[in-house]
Amino acid sequence: MSIGFGVFVPQGWRMDLVEIDDPVEQYEAMTAVAKLADAGPWDSVWVYDHFHTVPEPTVNSVFEAWTVTSTLSRDTSRVNIGQMVGCNGYRHPALYAKIASTVDVASHGRLYAGLGAGWYEHEWKAYGYEWAEVPERMAAFREAVEVVHKMWTEERPVFEGRHYRIDQPINEPKGVRKPHPSLWLGGGGEKVTLKLVAKYADGCNFGNGDPEVFRQKAAVLRSHCEKLDRDYDRIKKSTSITFDPAESTAATIEKVERLAEAGADYFIVYIPRVAYDHEPLQRFAEEVIPRF
């Protein structure tokens with residue numbers, strides 16, 4: 001099994017830029033991590049699509065996901081750039097598709113376009129987005145994925161749903177990567193999300209790093225793929241892990257091995273304090289990635 005690795009850049013969402021006062025220096029710290037990943041063995045760099053910090057909203061910098069994605073696409077030359085994942089509620093899916101197409105061109109085809117239903121209620125309400133409970137958000141997400149796919153594959157797409165409608169929008173250029181920009185869907189819902197992954201996605205993320213949960217979700221995804229005659233192995237199946245600088249690389253290697261045995265073939269790594277100390281990023285690149 002071929003294993004891929006990506007790394008989150010310090011974007012502010014997880015309070016990982018608070019020790020830097022100047023917002024320009026904060027942005028440059030984020031860019032510096034992306035450039036180091038670009039020069040190393042990493043396949044990708046990633047951002048979150050959030051506006052407020054966690055675990056609670058604080059008055060601190062959080063840089064907007066698509067702006068970061070587009071600028072990093074020009075500050076790097078090799079790595080793919082993605083969002084884990086874009087919040088469907090923050091942009092009409094037709095606009096999302098247009099933005100993604102533009103960034104795919106700007107990056108010369110290196111975009112991993114992430115999309116999910118969204119969950120951070122406080123953020124939605126603070127920015128004036130209408131909050132809905134899970135069934136309604138999932139229904140909108142289901143329609144959105146279809147709209148995005150149509151925008152990337154049809155000349156004058158038409159869609160009439162309960163949440164979204166489009167009437168022959170022209171989306172040119174559609175992107176560089178063929179047959180369309182790489183679409184990653186986030187979430188492990190077995191009836192909606194994983195079925196959408198099987199039908200439309202190039203990659204997915206189950207999120208929590210638990211091997212047994214991953215094994216179960218992977219089995220459900222495989223079943224959906226079989227019913228749709230989709231090649232399960234063509235879909236990147238990712239999970240997110242944290243690399244604690246105090247943790248031995250041997251422990252991390254064991255964690256990756258257990259998840260790989262459960263079906264994971266892609267790992268998106270969060271490294272605390274990487275904005276201030278690049279050594280753990282380099283150590284992971286030199287000691288963990290070559291083992292896979």
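This is a predicted model: local features need pLDDT of at least 70, side-chain atom pairs count only at pLDDT 80 or more; totals for chains, interfaces and linings use all residues.
**Exercise 1. Describe the ring pair formed by Phe5 and Phe292, and say which parts of the chain it ties together.**

Solution. Start with a general idea: two numbers describe a pair of aromatic rings, namely the distance of the centres and the angle of the planes.
- Step 1: a search of the whole structure finds 22 aromatic pairs.
- Step 2: for Phe5 and Phe292, the ring centres are 5.9 Å apart and the planes stand at 55°, so this pair is tilted. An edge-to-face pair would need an angle over 60 degrees.
- Step 3: Phe5 belongs to strand β1 (residues 4-8), while Phe292 is in the segment after α9 (279-287), so the pair ties together parts 287 residues apart in sequence.
- Step 4: now look at accessibility. Phe5 is buried, with a relative accessible area of 2%, whereas Phe292 is partly exposed, at 27%.

**Exercise 2. Classify the pair formed by Phe243 and Phe284, then find the cluster that holds these rings.**

Solution. Use the distance and the angle again.
- Step 1: the centres of the two rings lie 5.2 Å apart and the planes are at 70°, so Phe243 and Phe284 form an edge-to-face pair.
- Step 2: Phe243 is in the loop between β10 (236-242) and α8 (249-261), and Phe284 is in helix α9, so to speak a link between distant parts of the chain, 41 residues apart.
- Step 3: both Phe243 and Phe284 are buried.
- Step 4: one aromatic cluster is formed by Phe5, Trp42, Phe243, Phe267, Phe284 and Phe292.

**Exercise 3. Which rings have Arg14 and the charged end of Arg222 over them?**

Solution. Take each arginine in turn.
- Step 1: Arg14 lies over the face of Tyr270, 3.7 Å from the ring centre.
- Step 2: the charged end of Arg222 sits over the ring of Tyr232, at 3.9 Å from its centre.

**Exercise 4. Work out how helices α3 and α5 are placed relative to each other.**

Solution. Go from the axes to the residues.
- Step 1: the axes of α3 (residues 93-106) and α5 (residues 134-153) come within 8 Å and cross at roughly 45°.
- Step 2: α3 and α5 are therefore oblique to each other.
- Step 3: the crossing of α3 and α5 is right-handed.
- Step 4: residues of α3 in the contact include Pro93, Tyr96 and Ala100, and those of α5 include Ala144, Val148 and Trp152.

**Exercise 5. Is Met84 buried or exposed, and what is it in contact with?**

- Step 1: Met84 is found in the loop between β3 (80-83) and β4 (86-87).
- Step 2: Met84 has a relative accessible area of 12%, so it is buried, the cut-off being under 20%.
- Step 3: leaving aside neighbours within four places in sequence, Met84 has contacts that include Phe8, Trp46, Tyr48, Trp184 and Ile268.
- Step 4: Met84 and Gly114 are 30 residues apart in sequence, and their C-alpha atoms are 5.6 Å apart.

**Exercise 6. Where are the cis peptide bonds joining Glu172 to Pro173 and Lys178 to Pro179?**

Solution. Check each bond, then its place.
- Step 1: between Glu172 and Pro173 the peptide bond is cis, with omega about -10°.
- Step 2: between Lys178 and Pro179 the peptide bond is also cis, with omega about 5°.
- Step 3: Pro173 is in the loop between β7 (165-167) and β8 (182-186), and Pro179 is in the loop between β7 and β8.

How values were computed. Residues are numbered from 1 along each chain as its sequence is written. Side-chain values use heavy atoms; hydrogens and water are left out. Rings of Phe, Tyr and Trp (its six-membered ring) pair if their centres lie within 6.5 Å; planes under 30 degrees apart count as stacked, over 60 as edge-to-face and the rest as tilted. Helices (H or I, at least four residues) and strands (E, at least two) are DSSP runs, numbered from the N terminus. Buried means under 20% relative accessible area, exposed over 50%, partly exposed in between (1.4 Å probe, protein chains only). A charge sits over a ring if NZ of Lys or CZ of Arg is within 6 Å of the ring centre and within 35 degrees of the ring normal. Axes are lines fitted to C-alpha atoms, for helices over the stretch in contact, and angles run from 0 to 180 degrees between N-to-C directions. Angles under 35 degrees count as roughly parallel, over 145 as roughly antiparallel, 65 to 115 as roughly perpendicular and the rest as oblique. A crossing is left-handed if the near helix is turned anticlockwise from the far one by less than a right angle, and right-handed if clockwise. Contact means heavy atoms within 4.5 Å.
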